[in-house]
Amino acid sequence: MPFVYKKKYGQNFLQDKTIIDHIVNAIDPTPQDLIIEIGPGSGALTKNLKKYGATLVAYEIDPDTHKYLDSLEDLKTHIIYDDFLKRDLALDMQNYEYNDLYIIGNLPYYITTPIILHLIESHITAKKIVIMVQDEVADRFSATPGSREYGAITVLLNYYFKVDKLFVVSKTKFYPIPNVDSAVICLQSKDNCEDVNLDKFNQIIKASFQFKRKNMRNNLKQYDLNIVEEVLKHHGFTLDNRAEDLSYDIFVELTRSLFKS
Ligand code: SAM
């Protein structure tokens, strides 16, 4: 039976051997490490990842991919047929002994941001996260303050990770061919991350960017504007500035100051 590609699962399978090598070579695990793959599909990356001899755990939502993935399973390669977003990753990781953790995947694009939020919320520390996303999303993730692409997700991501766009992948390298080009990005955890409550941080970022053309005074009017003004002033800004002007550390300080009990 031929494989039926499911649009609802974002199934665009990578066909190009050189690109597959490039992605897999962006991580450098040892046999003592653990690799998590998100969405192995037909196993394009999975097959190649096995060369590292590391423990490999791949999460795939579509059981029809058994036909591709069964032959790849062995003592160190495990496929979990489930929705990645529903997994308790910290609990899953307790089943394995390893030194460093790497996360890799050609992501299903309909859930790119939920997957990244799930990784952050799971409090698992990966040495490197190498993922393929839509090219324009990669630009948003790695944007700098003041640029058109800079938004709420940029702030969140840049607080937790050093974000690097590695290379662009043409849409023609996939089957079925998607509508847009993709890009591979690398996220590396910042270990100097001071603790900030993720829900509150997210709340302030979302409110600040709610209306893109409005300034901080308008977007944060439901909060104590005296506190907002004080924090902004400390960084050389005013309530007339827009969220897109401000770097992630200012949002961290705003969250801390506004929710100080
Ligand atoms: N890794 C393969 C490749 O590079 O050719 C497939 C990539 S394809 C863009 C995304 C894969 O993620 C598909 O196999 C899809 O079935 C799977 N997927 C979609 N939603 C998922 C979810 N919530 N949890 C786990 N896997 C998911």
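I count a salt bridge where a side-chain nitrogen of Lys or Arg lies within 4 Å of a carboxyl oxygen of Asp or Glu. The model is predicted, so local features need pLDDT of at least 70 and side-chain atom pairs pLDDT 80 or more, while totals for chains, interfaces and linings use all residues. Residues are numbered from 1 along each chain as its sequence is written, and side-chain values use heavy atoms, without hydrogens and water.

Entry 1. I searched the whole structure and found 16 salt bridges. In one of them, K6 pairs with D62, with the closest N and O atoms 2.7 Å apart. K6 lies in the segment before β1 (13–14) and D62 in the loop between β3 (55–60) and α3 (66–69), so the pair ties together parts 56 residues apart in sequence. Helices (H or I, at least four residues) and strands (E, at least two) are DSSP runs, numbered from the N terminus.

Entry 2. Buried means under 20% relative accessible area, exposed over 50%, and partly exposed in between (1.4 Å probe, protein chains only). I also noted that a network of salt bridges links K6, D62 and D64.

Entry 3. I looked up D135 and K165, which form a salt bridge with the closest N and O atoms 2.8 Å apart. The pair links distant parts of the chain, 30 residues apart: D135 is in helix α6 (residues 135–141) and K165 in strand β7. D135 is buried at 18%, whereas K165 is partly exposed at 32%.
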